[in-house]
Amino acid sequence: MVLSGDVLTTRASAIGFFVLFPGFILYHTLVAMGVMPAVLGGLFGVVSVLMFIVYCALLPSQLFVLSSATRGYALVTLSFFVYVLLWSAVNYGLTGGSVMQAALVQTVETLVLWLVLFLLGYRVPLDSPRLTRAFWIAFVLIAGYLALHVATTGQWVFFARRMIEAEAEVGDSISTYQGYARSALVLLVFLIAVSERAVVRAVLIVVGAFVMFVLGARSELYAFLALSALLLMLWAGMSVKYMLTLLAVVWVLMALVVSQFEALSGSRQLQIFDLSGTSSWLARQNLGQRAVEQILTSPLLGRFGGHIASAEVTGGYAHSMLSAWVNYGLLGFFLYVGLTLSAFAAAAYRLLFLGDRGAGWVFAFSLNFVCLLLMVLAKPVFWPLPALGWGAYANALVASGRARDTSDTRPAEMAGHHRDETGQHDAARNLQGRNDNESGTPDLRSSAL
């Protein structure tokens, strides 16, 4: 059996989507427990490179649909990728040096992740029962393991690297809490989008809040809570069932926090209410101020690699969308933010004004809301997750177009079927020497057109 490029892209996307998100958590936990060796290193980068190779071979089969069915959105996204690559190459060619080389390498790595996640979001089969079942199994395993961790250790934060007692090289291959939280966030958003029952979504939100809290990443935790509150309020306006669900979720979460407040009071997650005394917040403030100074010095062009030149490390960027302005200039900044903002606004319009509750639009709305929020508050341009939101929006556009085409062609097909049946009936009567014209009865059938 020969599979088409479209089928191969869909299957590769389903596998990659599972491996890069719930599979990421399972892999790193098993490595940290010593159950398996780190055969894939940190997994996310290795698998992304493999998928990049696969997608490069399959991309030509997707270009026509991408260009015609996404109303130009996919072309703008791919043009943004090309712009970033050319901008980085020109800056490196004009200046050279180790700083520009490090900045170029960082950008190329980001572009690989962007392209992979964009195509992943575009082709992931949200209607696949097998994929949904795999995500549910992974979610139950992850939530159960974290609950066991809290019950047996009394610690409300899980750091996989603390489980390593071997040499430092093995510990370095284990993901930080940020990688865990990124994967858990996408896992939860996917399950909320594909689930239809209010009770199931309520359980996902409550258990998901527990999972995100224990994983320890403040940005992803509060982004998930903000998304959950927004979705429940939107649905509550459409259904009394969701209004009751919203009240139940709020009550359960408040009861959990009150009952465990003493144990939770010292956690880093609750430091959000007093950030002035935290070293990470102060460091981010300094990095943000440095980015503002570089932008004011060159508001149109920015300063490519400026975060490396000033901080002498590739991680010295502003933890916000300002890092896009610094590295890729004003145009790059507008394209970067505009892709997420337009996708979020369009998906919100579908949910609010057209009442479309399809999984594709919920997934696109949720991902782009989370990404937009974190781009403003906490994440740099090198954070790859926004590209998944861009792909999810393209996916929803294509799926809606196909559904519209199907509904448009169905009446014509039914009319054609009726015409064929009538023709067969007339032919049968002609063989018997009878037809409507001979009987003097006019043919008043409406035209199929």
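This is a tour of a predicted model, stop by stop, with what to select and what is found there.

**The whole chain**

Colour by burial next: of the 449 residues, 47% count as buried. Among the chain's contacts with a separation of 6 or more, 76% join residues 24 or more positions apart.

**Stop 1: α1 and α7**

Select residues 5-20 for helix α1 and residues 129-153 for helix α7. These two helices pack at an angle of about 5°, and their axes lie 11 Å apart. Angles under 35 degrees count as roughly parallel, and α1 and α7 are therefore roughly parallel to each other. Now show side chains at the contact. From α1, pick A14, F17 and F18; from α7, pick L131, A134, F135 and A138. By class, this contact between α1 and α7 consists of 7 nonpolar residues, with no polar and no charged ones.

**Stop 2: α3 and α4**

Move to residues 44-58, which form helix α3, and residues 60-69, which form helix α4. Here the packing angle is about 70° and the axes are 5 Å apart. The range from 65 to 115 degrees counts as roughly perpendicular, so α3 and α4 are roughly perpendicular to each other. On the α3 side the contact is made by C56, A57 and L58, and on the α4 side by P60, S61 and Q62. Sorted by class, the contact of α3 with α4 holds 4 nonpolar, 2 polar and no charged residues.

**Stop 3: the largest pocket**

The lining takes at least two residues from each of α2 (22-33), α3, α6 (97-123) and α9 (177-194). Helix α6 provides the largest share, 5 residues. By class, the lining of the largest pocket has 12 nonpolar, 14 polar and 7 charged residues.

**Stop 4: the cavities**

Rolling a probe the size of a water molecule over the atoms shows where empty space is left. How many cavities of 30 Å³ or more does a search of the whole structure find? The search finds 2.

For the largest cavity, select L287, R290, A291, Q294, H307, S310, G316, Y317, A318, S323, V326 and N327, which line it. The space inside is about 60 Å³. Helices α14 (279-297), α15 (306-311) and α16 each give at least two residues to this lining, and α14 gives the most, with 4 residues. By class, the lining of the largest cavity divides into 5 nonpolar, 6 polar and 1 charged residues.

For the second largest cavity, select F158, F159, A160, S175, T176, Y177, Y180 and L215. Its volume is about 40 Å³. The lining of this second cavity has 6 nonpolar, 2 polar and no charged residues.

**Stop 5**

Select G332 in helix α16, residues 322-352. Is G332 buried or exposed? Buried means under 20% relative accessible area; at 0%, G332 therefore counts as buried. G332 and Y83 are 249 residues apart in sequence, yet their C-alpha atoms are 7.7 Å apart in space. With neighbours within four places in sequence left aside, G332 is in contact with F80 and Y83.

Then go to G237, in the loop between α11 (218-236) and α12 (240-259). Exposed means over 50% relative accessible area, and G237, with 70%, is therefore exposed. To end, draw a C-alpha to C-alpha distance from G237 to L352: the two are 115 residues apart in sequence and 9.6 Å apart in space.

Definitions and conventions: Residues numbered from 1 in each chain as written. Predicted model: local features only at pLDDT ≥ 70, side-chain atom pairs only at ≥ 80, totals over all residues. Heavy atoms only, no water. Axes fitted to C-alpha atoms, helices over the stretch in contact; angles between N-to-C directions. Parallel < 35°, antiparallel > 145°, perpendicular 65-115°, else oblique. Contact = heavy atoms within 4.5 Å. Nonpolar A, V, L, I, M, F, W, Y, C, P; charged D, E, K, R; others polar. Buried < 20%, exposed > 50% of the residue type's maximum accessible area, 1.4 Å probe, protein only. 1 Å grid on protein atoms, 1.4 Å probe; cavity = no way out; pocket = protein on both sides within 12 Å on 5 of 7 lines; lining within 4 Å. Points joined across faces, edges and corners; volume = space filled by probe spheres on them.
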